[in-house]
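Okay, thanks everyone, I'll keep this short. Let me put the sequence and the model up, and then we can walk through it together.

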Amino acid sequence: MNALGIFLAIGPWQIAVIVVIVLLLFGGKKIPELMRGLGSGIKEFKDASREDDKLEEKQE
């Protein structure tokens with residue numbers, strides 16, 4: 001089974017178990033900080049990809 005098949009095989013109960021484990025490992029106070037960091041990382045990635053697109057348009 002490939003990686004996509006494994007991802008699609010995850011059901012709602014498995015997701016609930018994963019969420020509970022994450023809560024137990026990190027605690028309720030750390031999760032907003034982790035999500036904020038993840039969001040800022042995604043934002044930086046999007047900004048960098050937009051800059052690359054602009055540079056490619058200028059070169060053409």
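So, start with Ile 42, which you'll find in helix α2, the stretch running over residues 12-59. Keep in mind while you look that this is a predicted model.

Let me zoom out for a second. The protein chain has two helices and zero strands. It has 60 residues, and 3% of them count as buried. For the whole chain, the accessible surface is about 5800 Å², and carbon and sulfur atoms account for 67% of that.

Okay, now the charged side chains. How many salt bridges are there? The count is two.

Take Lys 30 and Glu 33: they form a salt bridge, with the closest N and O atoms 3.8 Å apart. That falls inside the 4 Å cut-off, so the pair counts. These two are three residues apart in helix α2, so about one helical turn separates them. Lys 30 is partly exposed at 44% relative accessible area, and Glu 33 is also in the partly exposed class, at 45%.

The other pair is Arg 50 with Asp 47, whose side chains meet in a salt bridge at 3.5 Å, N to O. Again we're in helix α2, with Arg 50 and Asp 47 three residues apart, about one turn of the helix. Arg 50 comes out at 49% relative accessibility, so it counts as partly exposed. Asp 47 is partly exposed too, with a relative accessible area of 33%.

That's my tour, so over to you for comments.

Methods. Residues are numbered from 1 along each chain as its sequence is written. This is a predicted model: local features need pLDDT of at least 70, side-chain atom pairs count only at pLDDT 80 or more; totals for chains, interfaces and linings use all residues. Side-chain values use heavy atoms; hydrogens and water are left out. Helices (H or I, at least four residues) and strands (E, at least two) are DSSP runs, numbered from the N terminus. Buried means under 20% relative accessible area, exposed over 50%, partly exposed in between (1.4 Å probe, protein chains only). Accessible areas come from the Shrake-Rupley method with a 1.4 Å probe; for residues, only the protein chains shown count as cover.
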